[in-house]
Amino acid sequence: MAQDPSFDIVSKIERPEIQNAVAQAMTEIQTRFDFKGSNSEIKLTEDTLVLTSENEIKLKQVIDVLTTKMAKRGISLKAFDFDSKIEPATGQTVRQKVKIQNGLDKEQTKQITTLIKDQKLKVQATIQGDSVRVVGKKKDDLQEVMAAIRNANFNFDANFTNFKG
């Protein structure tokens with residue numbers, strides 16, 4: 001018996017894409033005239049970006065360069081939490097830690113399943129840890145769910161994986 005079509009809704013960003021965006025941003029920072037001689041840097045750790053610069057103004061410019069590079073690479077900015085406070089760092093610099101979202105939390109999965117149920121389509125949404133599996137008899141219904149998720153104004157990033165037809 002054939003399995004019904006399904007897909008997963010997740011919140012994961014390809015690590016190489018982030019690494020490339022950070023590398024491109026650092027290259028631009030090192031070559032731009034307004035950053036000449038400044039201590040501006042972007043470091044990528046496991047689940048955060050650490051941005052450092054001489055002052056808050058330069059740090060905002062670093063963020064601007066980084067977000068521009070991410071947008072060009074197709075990385076959703078909703079997957080990053082730029083709201084953390086700017087703190088003093090060593091050597092008269094300031095630092096901001098930007099958390100990278102990896103997976104959906106309980107509240108986000110509930111928002112997604114509520115949206116799917118409100119569509120009144122013949123699909124079934126199941127929360128599976130940090131993702132949501134959507135199963136339906138018709139591919140058209142699944143595509144409508146995908147369109148609804150894309151058009152929803154969530155404050156987090158949602159991607160689709162494991163599409164099985």
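Analyst: Valine 98 has 0% relative accessibility, so it counts as buried (that label means under 20% relative accessible area, with exposed over 50% and partly exposed in between, using a 1.4 Å probe and protein chains only). Valine 98 sits in strand S6, residues 93-100; strands here are DSSP runs of E, at least two residues long, numbered from the N terminus. Setting aside neighbours within four places in sequence, valine 98 is in contact with Asp47, Thr48, Leu49, Leu51, Phe80, Asp81, Phe82 and Ser84, where contact means heavy atoms within 4.5 Å. Alanine 79 is 19 residues away from valine 98 along the chain, and their C-alpha atoms are 10.0 Å apart.

A word on the basis: this is a predicted model, with local features needing pLDDT of at least 70 and side-chain atom pairs counting only at pLDDT 80 or more, while totals for chains, interfaces and linings use all residues. Residues are numbered from 1 along each chain as its sequence is written, and side-chain values use heavy atoms, leaving out hydrogens and water.

Zooming out, the domain assignment (automatic or from a database) gives domain 1 as 6-12 + 104-164 and domain 2 as 15-99. Their centres, taken over C-alpha atoms, are 31 Å apart.

Now for strand S1, residues 6-10: five of its five residues are buried. Ser6, Asp8 and Val10 point one way, Phe7 and Ile9 the other. S1 pairs antiparallel with S8 (residues 131-136) over four bridges; pairing takes at least two DSSP bridges between the strands. Four bridges also join S1 to S9 (residues 159-164), again antiparallel. Serine 6 stands opposite valine 135 in S8, and its bridge partner in S9 is lysine 164.
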